[in-house]
Amino acid sequence: MGHSVAIIGTRGYPSFYGGFETLVRHLAPYLAGEGWDVTVYGRDGATSPDGRDRDPRVRTVTTRGIESKSLSTLSYGLTSCADAARQKPDVALVMNVANGYFLPLLKARGVPTVVNVDGIEWERAKWGKAAKTAFRTGAKLTAKYADRLICDSSEIARRWATDFGRDGDFIPYGGTDPGPLDPVIELADRPYVLMVARFVPENTVSEFITAAEQLSERWNVAIVGSSGYGGDLDERVRLLAATKSNVHWFGHLSDDRKLFSLWQHAGAYFHGHSVGGTNPALVQAMACGTPIVARDTIYNREVLSDTGLFTQPHPHHIAQTIDALLRDPDQRQRLRDSAKLRGMKHYSWEGVCGAYAQALRNAITQAGGRKAA
């Protein structure tokens, strides 16, 4: 008989919101195919409504929560963990240390937990003081109560070993090679620069918008993303797209084929994420064979090695690096080939899902050993 697993802490299955959701779209069907009984907890209205990408073997449960920037993660985490504690699966995969507060609920019921710790959330500029404190406390509770940890980058694993004295399994994100796709029609005529990001300060969005004003004099600029809550960055991009015919704003894209096409045909992809470990968008850009210009961080260097170009988070430097790449077709081809090769070697979904399955099995074995003792 197969094991049962509850996946907690994402917006649900199948959802197209962010990195955790992308992981679950691959992992849940993989586990079901390996004989696991899989339940994914989610939020009402956050999943694909038309059944697209849904595997019927994956059970979904929607719980209640408070939809707000500061309370949604905690409130949905509480209701999901409470329900899972009642159901008593063989193991729970919990995404995000904010759910560390609720691990004792699962522990009290004898449910072993594997926690993906995500990035160092309490250092992110988008959170206020109270939220940073909440994440830091959640991390301490995760370090205390989680049976196993998953870190998506070697640097994140190093930080957890240093700050909390806990080792974790290193499992990154995967990328999908979509095969040849037709270009997006309004960008088919000449090289363009692409940015894909949530509009938050640590993704270097403000600096890129300033650089894009300069770049759009010569090149097409494609921007995918939004803040999700409106605000200054959304307004700046809206105004830029309205006044510059070369600037195209697609908002939040849940159409993977269109997004993959944008990456595949881009002359340059700017990746400005500065925190968080292995970034799913960066790995997917590599799988699409995109020439990448990334903000120079320890995380981005770990993922790209020598297969991308690096830039400082200043508008002039960003514009200069991207402009030089767009003018150099040979350099673009070299980066396309090398990034794709590195992605295939180190960031395949098959390898990622297999590693998650092993981590879950190890947690169950560990728990069984403790019970026996």
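A polar contact is a pair of N or O atoms within 3.5 Å, and within protein one of the two must be able to donate a hydrogen while the other must be able to accept it. In this predicted model, such a pair can be found at the start of helix α9, where a side-chain oxygen of asparagine 279 comes to within 2.9 Å of the backbone nitrogen of alanine 281.

From there the reader can follow α9 itself, which runs over residues 280–287 and is largely enclosed by the rest of the structure, because eight of its eight residues are buried. Buried here means under 20% relative accessible area, and the residues concerned are Pro280, Ala281, Leu282, Val283, Gln284, Ala285, Met286 and Ala287. The elements that cover them include the helices α1 (19–33), α8 (256–265), α10 (298–304) and α12 (329–346), together with the strands β11 (268–271) and β12 (292–295). Just after the helix, glycine 289 takes a positive phi of about 70°.

Two of the covering strands, β11 and β12, also belong to an open sheet of six strands, which are arranged in the order β10-β9-β8-β11-β12-β13 with parallel pairing. At its edges lie β10 (247–251) and β13 (309–311), each of which pairs on one side only. Neighbouring strands of the sheet are turned against each other by 20° on average, with direction ignored.

Within this sheet, β8 (residues 192–196) pairs with β11 in the parallel sense over three bridges, and valine 193 stands opposite alanine 268 of β11. Helix α11 (residues 315–326) packs on the sheet, where it touches β8, β11, β12 and β13, and its direction makes about 155° with that of β13.

Methods
Residues are numbered from 1 along each chain as its sequence is written. This is a predicted model: local features need pLDDT of at least 70, side-chain atom pairs count only at pLDDT 80 or more; totals for chains, interfaces and linings use all residues. Side-chain values use heavy atoms; hydrogens and water are left out. Buried means under 20% relative accessible area, exposed over 50%, partly exposed in between (1.4 Å probe, protein chains only). Helices (H or I, at least four residues) and strands (E, at least two) are DSSP runs, numbered from the N terminus. Contact means heavy atoms within 4.5 Å. Two strands pair if DSSP finds at least two bridges between them. Axes are lines fitted to C-alpha atoms, for helices over the stretch in contact, and angles run from 0 to 180 degrees between N-to-C directions.
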